[in-house]
Amino acid sequence: MKFDQALPAQLRAAQRVVVFTGAGVSAESGIPTFRDALTGLWSRFDAARLATPDAFIDDPELVWGWYEWRRMQLLASQPNLAHWAIAQLAQHVPKLTLITQNVDDLHERAGSTKVLHLHGSLQQPRCFDCNEDYSLPDAAPQEPAEGRRLAPPRCSLCGGAVRPGVVWFGESLPVPVMDAAFAAAANCDLLLSVGTSGVVHPAAQIPEIALRSGAGVVHVNPEPKALGIGREWVLPGLAGQVLPELLREAFNTAKAGGK
Ligand code: BV8
Ligand code: ZN
């Protein structure tokens, strides 16, 4: 891919870089995105119905089974070249803040640290009633026998049902994480928005916050959508191809990470 020459220079000169990722950054690891028409969870399940507190109250076994199935998929997947490139970028810029909407741990497994998880994580289940943390067994969850149903474990403190440690629709994002993410977006020189459809709020406001504070924003997506405000670059393509190439152009890096 040929980049507009100003972009690698902008990345080299940037003092404070934010990388903001969505489900698309994990797509090349085999994790279906929410809205991908072919494989997206949205089409296979009614994710909007399952990713809510009411669905869990209604049918805890269906919801817990779905999340354990997703966690099992995650245990069987690896970070892809996009995750490795983002972890490598942190070595080349003075300050990098990584904000993700994803509930997987692929950024951490590629070496990124202090990841701001706006929508929580599959790795941190807790009691639905008293919020007591629950530590997951090391072994992969068994594929639920009849399709996706699985009884959630019970809380050791109060006996309540254990729920996934994610932010469901209608639930507030963790305020300290959201504040840190919004502040980083408002104070950066350059924001890379990677693999997000920009549909879910309030996370979707992050690229606009960066643009309105004078930062440049780079959209990396096979179907990129510019916001039409301020300095934007639109890089149509897969994150696992575009990001390593951008780093090579900007910092003359070798192929990042991976086996
Ligand atoms: C809240 C955890 C208030 C669960 C998730 C304002 C306007 C409109 C609606 C609202 C609004 N404010 C609030 C709402 C309601 C709602 C909302 O946004 N609804 C949407 C659907 C309209 N928001 C909420 O409910 C939020 N809470 O506002 O609470 C409040 C305040 C105080 C007190 C109480 C309440 C909570 C939202 C969090 C929901 N939880 N995840 C789970 O994972 O099961 S969101 C879920 O969607 C995932 O986290 C996912 O990451 C996220 C966003 O989607 P994307 O990441 O963008 O993924 P998507 O599939 O959409 O797109 C993938 C993209 O990748 C595509 O563009 C594709 O082209 C691209 N791609 C594909 N392959 C690649 C690629 N890109 C690069 N490389 C590739 N290889
Ligand atoms: Zn409890």
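**Zinc site and cavities**

Analyst: The donor residues of the zinc ion (ligand 2) follow the spacing C-x2-C-x24-C-x2-C in sequence. Before we go on, this is a predicted model, where local features need pLDDT of at least 70, side-chain atom pairs count only at pLDDT 80 or more, and totals for chains, interfaces and linings use all residues. Residues are numbered from 1 along each chain as its sequence is written, chains are lettered from A and ligands numbered from 1 in the order in which they are written, and side-chain values use heavy atoms, with hydrogens and water left out.

User: Which atoms are the protein donors of that zinc ion (ligand 2)?

Analyst: They are C127 (SG), C130 (SG), C155 (SG) and C158 (SG), at 2.2 to 2.4 Å from the zinc ion (ligand 2). Donors here are N, O and S atoms within 2.8 Å of the metal (3.2 Å for Na, K and Ca), and as water is not among the atoms, sites may look incomplete.

User: Why is the arrangement tetrahedral?

Analyst: Because the four donor atoms subtend angles of 100 to 120 degrees around the zinc ion (ligand 2). Four donors count as tetrahedral if all angles lie between 85 and 135 degrees. Ideal angles for four tetrahedral donors are 109.5 degrees.

User: Is C155 buried or exposed?

Analyst: C155 is buried, at 7% relative accessibility, while C130 is partly exposed at 35%. Buried means under 20% relative accessible area, exposed over 50%, and partly exposed in between (1.4 Å probe, protein chains only).

User: Changing topic, where does UniProt place the "binding site" feature?

Analyst: The unreviewed UniProt entry puts it at Y67 and R70. UniProt positions are in the numbering used here, feature names are shortened, and annotations may be inferred rather than shown by experiment. Y67 lies in helix α5 (residues 60–75), and R70 is found in helix α5 too. Helices (H or I, at least four residues) and strands (E, at least two) are DSSP runs, numbered from the N terminus. Y67 is buried at 4% relative accessible area, and R70 is buried at 11%.

User: What is Y67 in contact with?

Analyst: Leaving aside neighbours within four places in sequence, Y67 is in contact (heavy atoms within 4.5 Å) with L50, A51, L122, P164, V166 and W168.

User: And which residues line the largest cavity?

Analyst: W64, Y67, E68, R71, L122, P125, L136 and P164 do. Its volume is about 40 Å³. On a 1 Å grid over the protein atoms alone, a cavity is a set of points where a 1.4 Å probe fits but cannot get out, and a pocket is an open set with protein on both sides within 12 Å along at least five of seven lines; lining residues have an atom within 4 Å of a point. Grid points are joined across faces, edges and corners, and a volume is the space filled by probe spheres set on the points.

User: How many residues line the second largest pocket?

Analyst: There are 21, with K95, L96, T97, L98 and K114 lying nearest its centre. The volume of the second largest pocket is about 350 Å³, and β2 gives the largest share of the lining, four residues.

User: Where is the cis peptide bond?

Analyst: It joins H201 and P202, with omega about -5 degrees. P202 sits in the loop between β6 (190–194) and α9 (206–212).

Note on methods: Tetrahedral: all angles 85-135°; square planar, octahedral: opposite > 155°, others 65-115°.
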